[in-house]
Amino acid sequence: MSADIAAQDLRMSADPLTGTPFNPEPLRQSILRHIHYSLARPEGNLVPRELFKPVSLTIRDFLIDGLLQTEQRYRDQKVKRLCYLSMEFLMGRWLSDNLCNLGLMEPCRNVLAEFGIKLEDVLEVEPDAGLGNGGLGRLAACFLESLATMGMPGFGYGIDYEYGMFRQEIAGGFQREKPDLWKAEGTPFYIERPQDVCAVPLYGRIQSSRDSHGNRRQSWLDYKIVVGVPNDMPVAGYQGTTVNFLRLFSARASEDFDIEIFNRGDYIRAVEQKIASENISRVLYPSDSVLSGKELRLTQEYFLVACSLRDILRQYATHHVGFDELPGQVAVQMNDTHPSLCVAELMRLLVDEHAVDWDKAWEITVATLGYTNHTLLPEALERWPVSLLERLLPRHMEIIFGINHQFLRTVGRSFPGDMDRQRRMSIIEEGPEKQVRMAHLAIAGSHAVNGVSRLHTELIKSTLAPDFAQLWPDRFSNKTNGVAPRRWILKANPGLAALLTRSVGEGWITNLERVHDIEKAAADAAFRQEFMEIKRRNKERLAREVSDTTAVAIDPRSMFDVQVKRIHEYKRQLLNVMRIIYEYLSIVEDAADPQIFRTYVFAGKAAPGYWAAKQIIKLINNVAHVVNADPRVKDRIKVVFVPNYRVSLAEIIMPAADLSEQISTAGMEASGTGNMKLSMNGALTLGTLDGANIEIMEHVGKENIYTFGLEREDVSWYQESHSYNPREIYTSDVIVRRVVDSLGSNLFCPDEPGLFRWIVDELLDRGDPYFHLADLSSYVDASHRAEKDYQNPDVWAAKAILNVARTGYFSSDRTIAEYAREIWNLKSTLTEPEQTSLAAKEPVRA
């Protein structure tokens, strides 16, 4: 079946948004063929788990046709390509995502009904792909989808993790990490590429020699080889016009190396070597609290870089002689600091393997690479001990020394005699143990450096890398994050999607700015009623999910107050809990009578080695246990922690939220993307002026968001002047004192005395580094303002509608267009009629 025939025969049409006739026969026949030939089963008496594979393989066939046609189009147009390197790609479920983007959700539902099977039951069989953890990976996934939708040649490069991060369970209130067996049902969408395996050298030694011209040459000898085996996952854009791919590498031991050991009779060592090699792609982010963990984590990062760049250069070399044209044909984007070894590895490949002159190789490297910074937190910027790099990657350490020597000469010419500046900017950090500053390496080796919100970019230039920004002011720019509306509205919130389409036409799906046209409907009582009815149904769906997974009953009529994100102290889940404690004490001790019922929903994972974050999860669950069981509360507030946060769970939570908690310490959140997903699904933001919250406020209007707390300038002043006194706030602020005293008591840990005493010590005696006490009272006030508005359904509905109407800017399509225009020099390959067909659908009129 060709892509053209498939597109014609299988295009969505039974969907109520379009009403186009649909011929289900080709889809049905393809599923039957895969039942017969892939399952080797007769078609009768199949259960959803058995149908998952033939349905997936049917969609895979369509995707492969589109993939081949897309590649031919790229070759015909001789396009420049983007290669997007990231340690994480949080893709979610491939089958449902592709059904949505290809317009096959309703046709597939109808065909499966003929088998007596619900599509939803088949979709539930697929686990979320364990290829990421948080916003970094989800952003990368949205970017790949936008690139394909916009017809741009953009490809992801990542690691094929066997177990991913972990599957989170809650036992006794504590997080327990279990293996994430996300490949248990197989990976039917994988396209194996065994012919493109990559050899990755590790360890060994360096030997110096002279070539025939007397030039000094360095040879990397006696290295160990690990093999990177690629699999491609197709990524379809909306309507399937373009299908790109995400290339994932899994680590395998070198066959030659293992056979040699076997032949010597050392069978146990051979197995140990195989296991050690394959551990590289076993799990995401192994703990780096011990040296072996650090080494494995650095090995992972190099494995990603080495496989990706070797594959990129191999593809480039099939059509080009020499590397002068590389920057004009390929853009390599480093998604955060993890792939920053790209700088040294690309230099090594050009200089050592392709005999390119050092200065020319450096010119090519800088022109090819771009770097996106995602954090200002020192612990996330990565510094690797020189001694570790010298042992694991001896040639790269030599190259980094050479890059640094050349770089410091550049600094010296620009700022003569300023040795302090050279010390601050050096890629090598001096000290008892020399370290390589990976962010400095990435900045020095890239032609473009960007932050991911306006505030974050300004902070990069003013606090993280001010010397670099002064040296290369034109190298820095902002690219505020965005999210894919196909995933986060069209798929996650079909009720809202249908309402938008009836109101403004289908064009919003590929041009989210078009939703602005519903703004006037905020004053229409009938529209408000329909909008809130959609919200109610979404809340009922979340209530069922919560009941199924936690056995806690929550009321869809209550306000759903949601904080769902990675658990970290700077994201301040603790501040949220402190607010809940205050509200609880007000009810049971002061006889306060809240005018609305409120459900507080938490979800998120803590890194396995992050003790404080895991303790905060325990606190949330203990507070939930006390509050939910207290008859004096009378269900006026409920607290629930939903375990194992993942993309498919987020797709249920985001459309159901009323209030979006974005309460990070000002200046510490780079951007955030959950804030965007929640806002475009009609949740109002309660947040600090941090990250992209500021830009959300500017777009939706100050009157449609609830802000509180210290601003970035306040936090900086306290940090620089060392004048912040949390104990003084504790003494003077009755709200703060009441909450802190309850944490110091055993109110929320009667069977575990003193369990949360550490929090009191952190807040009062260790400086409260995330400014919880400074912001608590302001936070409570802002929360009450939101509560007051929620009491008036018409007021709340209008504000929620305006949030949806005014978040068009936060589409990842806009972000990708800015990257493509200002950093990558990437063009769409779609014809004008194709682009028009994507964007120019009119409203469906009654």
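The exercises below work through a few features of one predicted model.

The model is predicted, so local features need pLDDT of at least 70 and side-chain atom pairs count only at pLDDT 80 or more, while totals for chains, interfaces and linings use all residues. Residues are numbered from 1 along each chain as its sequence is written, and side-chain values use heavy atoms, with hydrogens and water left out.

**Exercise 1.** Find which strands stand at the edges of the open six-stranded sheet.

Solution. Begin with the order of the strands, which is 20-19-18-21-22-23 with parallel pairing; strands are DSSP runs of E with at least two residues, helices are runs of H or I with at least four, and both are numbered from the N terminus. Two strands pair if DSSP finds at least two bridges between them. Strand 20 (637-641) and strand 23 (706-707) each have a single partner strand, so one side of each is left without a neighbour in the sheet.

**Exercise 2.** Determine how much of helix 33 is buried.

Solution. Then apply the cut-offs, by which buried means under 20% relative accessible area, exposed over 50% and partly exposed in between, with a 1.4 Å probe and protein chains only. Ten of the 13 residues are buried, and helix 33 is mostly covered; among the buried residues are Trp796, Lys799, Asn803 and Ala805.

**Exercise 3.** Classify the ring pair of Phe155 and Phe245 as stacked, tilted or edge-to-face.

Solution. Rings of Phe, Tyr and Trp (its six-membered ring) pair if their centres lie within 6.5 Å, and planes under 30 degrees apart count as stacked, over 60 as edge-to-face and the rest as tilted. The structure holds 21 such aromatic pairs. For Phe155 and Phe245 the centres are 4.6 Å apart and the planes stand at 45 degrees, so the pair is tilted. Phe155 lies in strand 2 (residues 154-159) and Phe245 in strand 10 (residues 243-253), so the pair ties together parts that are 90 residues apart in sequence. Phe155 counts as buried at 4% relative accessibility, and Phe245 counts as buried at 10%.
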